[in-house]
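Hi there,

Here is the structure I promised to pass on.

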Amino acid sequence: MRFTISVLALAACVSSAAAQEIPTRRAGLWEVTINHDGRKTPPQTMQQCTDAETDKLMNAFGGAISADMCSKQEIKKVGATLVINATCQIGPMKSTSQSVVTGDFNSNYTVKVTSKLQGVPAAAQEAAGGTTTIQARWVGACKSGQRPGDITMANGQTMNIRDLRKLMDGAKGAPKGAPK
């Protein structure tokens, strides 16, 4: 569940404004590694089976999470690079972040998120901002038995973006505007 929370927090960093401007990834199996730079936690790697519909759903879901929480959401395209700046309130915590997206969405891309969190409980100070690097590479066709939208975490647990939506619906209701 901690991994899921990390993924959701990173999804909030990529704002709803960005969700409309981020290109759709090539259909198939993507390996995504999340590395919290400078922390003692090891990189987390997951696989995502996508098609055009579920990739747009994943982007829209992240955008819906951030839509109610973010007072500032700006995206700029600088050549082939996307720069996303966001200021978000997550409960008692304020997050200020900049995400820089490079690469292409056909074979590989990198997202470097630099963030600062304020109002974090003392027990969670290690997670209070810093730099997170997300590296993704296209592996090929989805594996037999996988369906578009499947996210397989390092521990082997698999959930589908549609199931995650249902989970969010069950917990306090989904964010306003989240896709169904």
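A disulfide here is a pair of cysteine sulfur atoms within 2.5 Å. Keep in mind that this is a predicted model. With that cut-off, the count comes to two disulfides.

Let's start with Cys70 and Cys88. Their sulfur atoms sit 2.0 Å apart, and they form a disulfide. The torsion about the S-S bond of Cys70 and Cys88 is about 90°, so this disulfide is right-handed. The pair links distant parts of the chain, 18 residues apart: Cys70 belongs to strand β3 (residues 70-78), and Cys88 to strand β4 (residues 81-90). Buried or exposed, what are Cys70 and Cys88? Cys70 is buried, and Cys88 is buried too.

Now for the other pair, Cys49 and Cys142. These form a disulfide with 2.1 Å between their sulfur atoms. The link of Cys49 and Cys142 is right-handed, with 105° about the S-S bond. Where do the two cysteines lie? Cys49 is in strand β2 (residues 44-50), while Cys142 is in the loop between β7 (130-140) and β8 (150-152), so the pair ties together parts that are 93 residues apart in sequence. Cys49 is buried, with a relative accessible area of 1%, whereas Cys142 is partly exposed, with a relative accessible area of 25%.

Cheers

Conventions
Residues numbered from 1 in each chain as written. Predicted model: local features only at pLDDT ≥ 70, side-chain atom pairs only at ≥ 80, totals over all residues. Heavy atoms only, no water. Helix = DSSP H or I, 4+ residues; strand = E, 2+ residues; numbered from the N terminus. Buried < 20%, exposed > 50% of the residue type's maximum accessible area, 1.4 Å probe, protein only.
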